[in-house]
Amino acid sequence: MNFDPRYSTRNFTAVGTRPIRPDGIDKVTGRARYGADFNMAGQLVGRILRSPHAHAKIKKIDTSKAEKLPGVKAVITAADLPDHTNGDAAMYDILDNCMARKKALYDGHAVAAVAAIDARTARQALKLIEVDYEVLAHVTDVDEAMKHGAPLINDAVFTEGLEEKPVKPSNVTKRSQFGHGDVHAGFGHADFVVERSFRTEQTHQGYIEPHACVASANADGTADLWVCTQGHFVYRQHCAQLLGMDASKLRVTSSEIGGGFGGKTHVWAEPVALALSRKAGRPVKLVMTRDEVFRASGPTSATSIDVRIGARKDGTITAAEATLRYSCGPYAGSWAEVGAMTSFACYRLENVKTVGYEVLVNRPKTAAYRAPSAPMAAFAVESAIDELAKMVGMDPVDFRIKNAAQEGTRSSYGPVYGPIGIGPTLEAVKNHPHMKAPLGKNQGRGMACGFWFNFGGQTCTDLNIGMDGSVSLAVGTIDVGGSRASLSLIAAEELGIAYEHVKAVVADTSSLGYNDMTDGSRGTFSTSMATISAARNAIRTLRERAAQMWDISVDDVAWEHGHAVARGEKHGNLGKLSLKEIAAASGTTGGPIAGHSELVADGAGVSFATHICDIEVDPETGATRVLRYTVVQDAGKAVHPTYVEGQYQGGAAQGIGWALNEEYIYGKDGRLQNAGFLDYRIPVCSDLPMIDTQILEIPNPNHPYGVRGVGETSIVPPLAAIANALSNAAGVRMTHIPMSPPRVLAALEAAREG
Amino acid sequence: MVEVTLWGSLGRAAGGTNKLDIEAKDIRELFRKLAEQHPGLQPWIDRGIAVSIDGTIYRDTWSKQLPQDAEIFLLPRLAGG
C-alpha cells in the first residue's frame, strides 16, 4: 500500500448528490435475494435442537432413533464438530456456542442438529433425539451473578484485572479501569453531587431477516456457503477454522441483508449447516425461526450502572465516576470495558474514573449492537448530567457546552482529542427551531449527547473499466445501508465520469482479497478509501494508455474531469481523450484497464451526536408517545446525504424502541418468556414521528474526502434523551430501561404518594 | 525515544506502571520492544492493542511512525457493530 489518506479540500461533483440506489428496485419489487432465497438442487432442510434449560450438564445424547427416521440424511452433535481451535479461547467459545459440548449454558443453546428431506421430517427427527440433562442452578441477572454464592457458570474463570490474583473462580471475567486525575479530591471541590444507580435490560438488534444460509460441502473437501452476513470474509475464516478447512477452499457468497446492526458479525448456525452438509453429502439450507433468533443469537448486555458526578456552582464539573456491570452471556467479553471507555467521552474532565465488570450469566452470548455498550453508559451518564444541570440551575444544553470536550481535551478513556464535533452538535441543537417549539400538557423535552469511536480495517477493492468505458466496482464490504450507491459516487467522483456509468457489486470471498466485516461504522469510510486508491491506480494506467495513443511521455499527460489532457506547449494541438475513448482502444494499448487496492483504513475519527426529543406521557396509564425527534451528528463528509440521514433515523428509531419497550424477560426457570415480535415489541412506523436530521460536515483529516463513519453513533443518545424528556414531562426520573408503561406508571404513582 | 501511556489494566500487566519510555520508530517496533521488556504484555498484544497517536486511533497500521513528540496512548483493540 502506498496511499496517502490525508484530507484535502476539493469541489465535489458526484459526492454529496442523492441518486437512486442501485439495489432499490429489486428491494421494493421483491426480486432482491436474501439469505433464505437461495436454493440448490438436492438441498436438505436443517433444523437445530435447543436446550430447554438455562444451565444443564449434557450427560448423554442418543440420536439413534432420529437417524433411523426415513428422510433423515444426517444428525450431528458436538462430536461432529471436533475442536480445531488450537487454544484460541475466543474461537473455542464460538464453537461451543454453535453446539454445546459439555453443558447447555442458556435456554436455546444448540445441542444437536438434523438434515432431512423436508421441514416436517426434520422437526419429527428433533423430537426423536434423546438428551439426558443434569439440570444445574442458573443465574440470569447481572447483579445476582456477581454475588457471593451465585451459581458458577464456568469454574475455570478467575477474574482478570484485579490488584491481587483471585484464588476462587467467579462469574466476573474481567475488571477494567480508565480515567485520570483524583476523583476524591474533585468531589471535594463540588458544590453539587448527583449519585444514582441505573439498569438497562437486554435487547435484541431486531433485524427483520432471520439468520439464513445454504451450505454445500463437496466430496473434494471444498465447500460453498450462501449466507446473510455483515462480513462474509470473516464468516469464511471462522467457519473454515471451526471445520478444519483451508479458508481458500470455502467460498462464501453474501446475500442481501435484511438488517444486521452488529448481530450478523458472528457465526451462529453456519458452521452447523456446513457440518450437516459434510455429513449428508448434500446441500443444507438452515433458516432460524424468530424464536431461535431471540433465544440463541446475539442480544446486547443487560447492565447495572452506578454514576456519581459533581459540579461547582458555576457549572464546572469537578469529578465524575461510574461503575459499570455488563452481562456477557455465558462467555467472556469486553462489553463493560467499552462502556467504561465511552461513558464520559463527551466531557472535559479533570478528574474521572470508570470501572467495568464483565459478568457471565445464563443468557445467549452477547453480540454487538450498533455502538455496542455505549447507549447504556450514555443513558446513565446523560441522565445524571441533566439532573446535575438542574441542581446547578443551568440550561442542560448550556451546561453541556460549558463542560464539552474539545480539541486538546484529555478524553476520559485516555488520549488527547484532535479536532472533534461535540461542541458544534451542541451549538446546532441550541440554535435548532425544535428547542423553541411550544409544548403542551403532559409533554416534555429532553436532549442528550452520544459518542462512538468508529473504526476502519482491512479492505480490498477492484475497479475494472470495460471496453465501453463503463466501470465495475467489486467491493468486499457488505452493503448494509446503501454503500453500493455511495461507493459508486466515490468512483465516479475520482474518475470524473457519471454515476450511472459505475456499477458496484459485493464480490464473493474467492474473487477478492480479505475484507474485515461491515461493522464499527466502517463500510463507507474504509471502502471509499480503497475505491479512491483503486481509481487513482486506474487513472495512472489510463494516462499511460493515452500517452501511448498520442506517442508522448506519460509525464505530459494529466487527468481532468474524466479525460486525459496533454500538457505542455508542444502538445497544444492535441485534443482531450475521454475515458471511453481510451477504454475502447485498450485492446491494442496493453489490454484491460483496472485499478486494484488493498489497504488498512485506520484513523476513522471519533464521532459525536446530540439528540432532541419531545414526549407526551399519559398519567393514567404510563404510556408515552414520542412527538418530535431531531438528530444532529457530524458525518465528516456525507457522500450520499439520503443514506446518512437514513442511518441517523435508523439509529434513533432503534434507540426509541430500546428506551420505551424492548427487553428480554426471563422466568424464574431461566427461560425466555417473550421470544417473538408480539411480546418483544420493536417500534413500527405508527409509533414514531418523522425523525428530523441535521448533518454537520467537519472533515476527518484521515480520509481524502473527509469521510467519517455514521452508522452507529445515532443509537447512543436516545435512551437518555427520552429519559430526560420524560423527566421534564412527568416530573419523575426513570432509572430503569425500558421505560415501559408499567414502569412509568409505577414511578408516577410513587411520586403521587410522595 | 517515545513516552507510551498504558491504560489501567495494561499498566498492571506491565508491573504497575502506566508510563514507559521506549525506543521505537513505529508501532511494530513498539510492540516488539514492549514484549521484550515486559513479557507479561505479550498475551495482551496477541489479543489486540490499539495505539492512539495524538488522538487518532490505529488498530492495524503497524507501520505507522511514532513521532518523537507525539502523545502515544495504548488502548484495548475494540470492535463495533
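This tour moves through two protein chains, one selection at a time.

The model is predicted, and local features are reported only at pLDDT of at least 70, side-chain atom pairs only at pLDDT 80 or more, while totals for chains, interfaces and linings use all residues. Residues are numbered from 1 along each chain as its sequence is written, chains are lettered from A and ligands numbered from 1 in the order in which they are written, and side-chain values use heavy atoms, with hydrogens and water left out.

**Stop 1: chain A as a whole**

Select chain A and colour it by secondary structure. Chain A holds 19 helices and 27 strands; helices (H or I, at least four residues) and strands (E, at least two) are DSSP runs, numbered from the N terminus. Along the principal axes, the C-alpha atoms of chain A fill a box of roughly 90 × 75 × 50 Å. A compact globule of 754 residues would have a radius of gyration near 27 Å, and the 27 Å of chain A agrees with this. That radius is taken over C-alpha atoms, and the globule rule is 2.2 Å times the number of residues to the power 0.38.

Of the 754 residues in chain A, 61% count as buried. Buried means under 20% relative accessible area, exposed means over 50%, and partly exposed lies in between (1.4 Å probe, protein chains only). Among contacts in chain A with a separation of 6 or more, 79% join residues 24 or more positions apart; a contact means heavy atoms within 4.5 Å.

**Stop 2: Asp634(A)**

Next, select Asp634(A), which belongs to strand E25 (residues 624–634) of chain A. Is Asp634(A) buried or exposed? Asp634(A) counts as buried because its relative accessibility is 1%.

Display the side chain and look for two backbone nitrogens. The backbone nitrogen of Gly636(A) is reached by the side chain of Asp634(A) at 2.8 Å. A polar atom of this side chain also lies 3.1 Å from the backbone nitrogen of Ile698(A). A polar contact is a pair of N or O atoms within 3.5 Å; within protein, one must be able to donate a hydrogen and the other to accept it, and residues adjacent in sequence count only if both atoms are side-chain atoms.

Leaving aside residues up to four places away in sequence, Asp634(A) touches several others, including Gly421(A), Thr425(A), Tyr648(A) and Arg708(A).

**Stop 3: Tyr666(A)**

Move to Tyr666(A), in the loop between helix H17 (641–660) and strand E26 (691–696) of chain A. Tyr666(A) counts as buried, because its relative accessibility is 14%.

Tyr666(A) and Thr140(A) are 526 residues apart in sequence, and their C-alpha atoms are 7.6 Å apart in space. Not counting residues up to four places away in sequence, the residues that Tyr666(A) touches include Thr140(A), Gln202(A), Arg363(A) and Pro364(A).

**Stop 4: backbone details in chain A**

Most residues other than glycine have a negative phi, and most peptide bonds are trans. The next selections can be viewed with that in mind.

Select Ile737(A) and Pro738(A): the peptide bond from the former to the latter is cis, with omega near 10 degrees. Pro738(A) sits in the loop between strand E27 (736–737) and helix H19 (741–752).

Then select Asn442(A), a residue other than glycine with a positive phi, near 60 degrees. Asn442(A) is in the loop between helix H13 (422–430) and strand E16 (443–452), and its 29% relative accessibility makes it partly exposed.

Finally, select Asp551(A), whose phi is also positive, near 60 degrees. Where is Asp551(A)? Its place is the loop between helix H15 (523–550) and strand E20 (557–560). With a relative accessible area of 69%, Asp551(A) is exposed.

**Stop 5: chain B**

Hide chain A and select chain B. Which pattern does chain B follow along the sequence? The pattern is β-α-β-α-α-β-β-β, made of three helices and five strands.

The C-alpha trace of chain B spans about 35 × 25 × 20 Å along its principal axes. Residues 24 or more positions apart make up 47% of the contacts in chain B with a separation of 6 or more.
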